[in-house]
Amino acid sequence: MSRSSVESQLVEFATALVENSGGIIDWQSDGSQATAIVPPDLAESLGQHHESFLVRTQPGDEGLVLSLGGEFVDLAARTLRHFVPSVGAFAVDDLPVRKTEFAAAVESSFGWQNARAKVLDGSVMTVPYHAWWFHVTLQSEETWESLVSVTLNARSGVVVPLSELLSLGDLRPTKDAPSDSSATLDLALHVAEAETMRQATPFLQRIDARRERDRKRLQDYYRALQRESSTPNKRTKTVPTAEEIESRQKAVKLELQRKLSELDERYLFSAVLRPIVLAEFRIPAVAIDVEIQRKAEKRIFRVYWNAMLKKMEPMSCSRCLRTSFNFWFTNDTVDPLCSTCHGS
Ligand SMILES: [Zn+2]
């Protein structure tokens, strides 16, 4: 990821943070600097002495500096924790509350490939969604950083595209403690890892290319040394014996192996995903129980119709956890499998 896209991500994040915590933020046309005006308690949470302050993408003497390296991530985490965990006040006029309506929604959304499905019941309820933000650092010869966010239905563990939740103006803060977060953290980490690898592909390719180049240089250098070890000494005009050549070549080969393993060590990279914040959003949904029959076995699954997305949420594959609307089921345990896991 280029420097500028991390920057624009931070700008977007900071704007949503300020606007959804009761402040206003006004960016200059070149996007390098903004003026924020916020309530006193929010200013304090962001480490500012005045209710009006500068927000900038480059280090400066005053104001809030948006960077992954500085204190911004911790200030943002604190602020999100205090100001953002919220209850969504969303319009729910067109919830499919009649059985024929939600049965039709399930039928038109899902494909059950080797099983029979019967929609049993549906009930309107408020479902907690957990939006996790991770500060991701990949460290090798150089460092790559990013913010990765993952939103899950805390009941089903299914990943849903609710990243735009933060930009909704219609949130009502609640004092309730968030529901249990340990289960969604593990799932969110799993998804964030995959997302990190996807985002970091150019960085990882660059590191790989550099390692290959260094390997080749080492190999070329030691190949030249090996050739030299069997040629006569120009100064003393003596020709090395066969044993001498062999022992020199062996030494060169060992040295090359040592250098190559040093090189591999230098290019090892470590990845750290630090959860910086969890925001919980409670959204009305219809929880629908579906009975799946595979041969003689039956099992009931709960799926959700999301009132914000206004559609069914997918289910997760029992093996790879990827979400899908198309499933096969195993014989005895009636576990759902996606097309990839079913095919393998
Ligand atoms: Zn799968």
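How many helices and strands does the secondary structure of the protein chain come to?

1. The count is eight helices and 16 strands. Helices (H or I, at least four residues) and strands (E, at least two) are DSSP runs, numbered from the N terminus. This is a predicted model, in which local features need pLDDT of at least 70 and side-chain atom pairs count only at pLDDT 80 or more, while totals for chains, interfaces and linings use all residues. Residue numbers start from 1 along each chain as its sequence is written.

2. Of the 344 residues in the protein chain, 24% are buried. A residue is buried if 20 or more other C-beta atoms lie within 10 Å of its own, exposed if 12 or fewer, and partly exposed in between, with C-beta atoms placed from the backbone. Among contacts between residues at least 6 apart in sequence, 62% join residues at least 24 apart; two residues are in contact if their C-beta atoms, placed from the backbone, lie within 7 Å.

3. The largest nonpolar core has 54 residues, and Tyr-129 and Trp-305 have the most contacts inside it. Strand S7 (residues 116–139) supplies the largest share of this core, eight residues. A nonpolar core is here a set of buried Ala, Val, Leu, Ile, Met, Phe, Trp, Tyr and Cys residues joined through C-beta atoms within 7 Å. In soluble globular proteins, nonpolar side chains tend to be buried together.

4. S7 pairs with S8 in the antiparallel sense over 11 bridges; two strands pair if DSSP finds at least two bridges between them. A hairpin of three residues joins S7 to S8. Tyr-129 stands opposite Asn-153 in S8. Strand S8 (residues 143–153) has eight of its 11 residues buried, so it is largely enclosed by the rest of the structure.

5. Which strands form the open sheet of four strands, and in what order? The order is S1-S2-S3-S4, with mixed pairing. Strand S1 (24–27) and strand S4 (64–65) are the edge strands, each pairing on one side only. Strand S2 (residues 33–37) and strand S3 (residues 52–56) run antiparallel and are joined by five bridges. Ala-34 has Val-55 in S3 as its bridge partner.

6. An open sheet of three strands has the order S6-S15-S16, again with mixed pairing. Strand S6 (111–112) and strand S16 (336–337) stand at the edges with a single partner strand each, so one side of each is left without a neighbour in the sheet. S6 pairs with strand S15 (residues 326–329) in the parallel sense over two bridges. The bridge partner of Gly-111 in S15 is Asn-326.

7. Helix H6 (residues 201–229) packs against helix H7 (residues 242–267) at an angle of about 170°, with axes 10 Å apart. The two helices are therefore roughly antiparallel to each other. The contact includes Leu-218 and Tyr-222 of H6 and Val-252 and Leu-256 of H7. Its residues divide into 10 nonpolar, three polar and six charged. Axes are lines fitted to C-alpha atoms, for helices over the stretch in contact, and angles run from 0 to 180 degrees between N-to-C directions; over 145 counts as roughly antiparallel. Ala, Val, Leu, Ile, Met, Phe, Trp, Tyr, Cys and Pro count as nonpolar, Asp, Glu, Lys and Arg as charged, and the others, Gly among them, as polar.

8. Glu-44 lies in helix H2 (residues 40–45). Glu-44 counts as partly exposed because it has 14 C-beta neighbours inside 10 Å. Its C-alpha atom is separated by 9.7 Å from that of Leu-75, 31 residues apart along the chain.

Definitions and conventions:
Angles under 35 degrees count as roughly parallel, over 145 as roughly antiparallel, 65 to 115 as roughly perpendicular and the rest as oblique.
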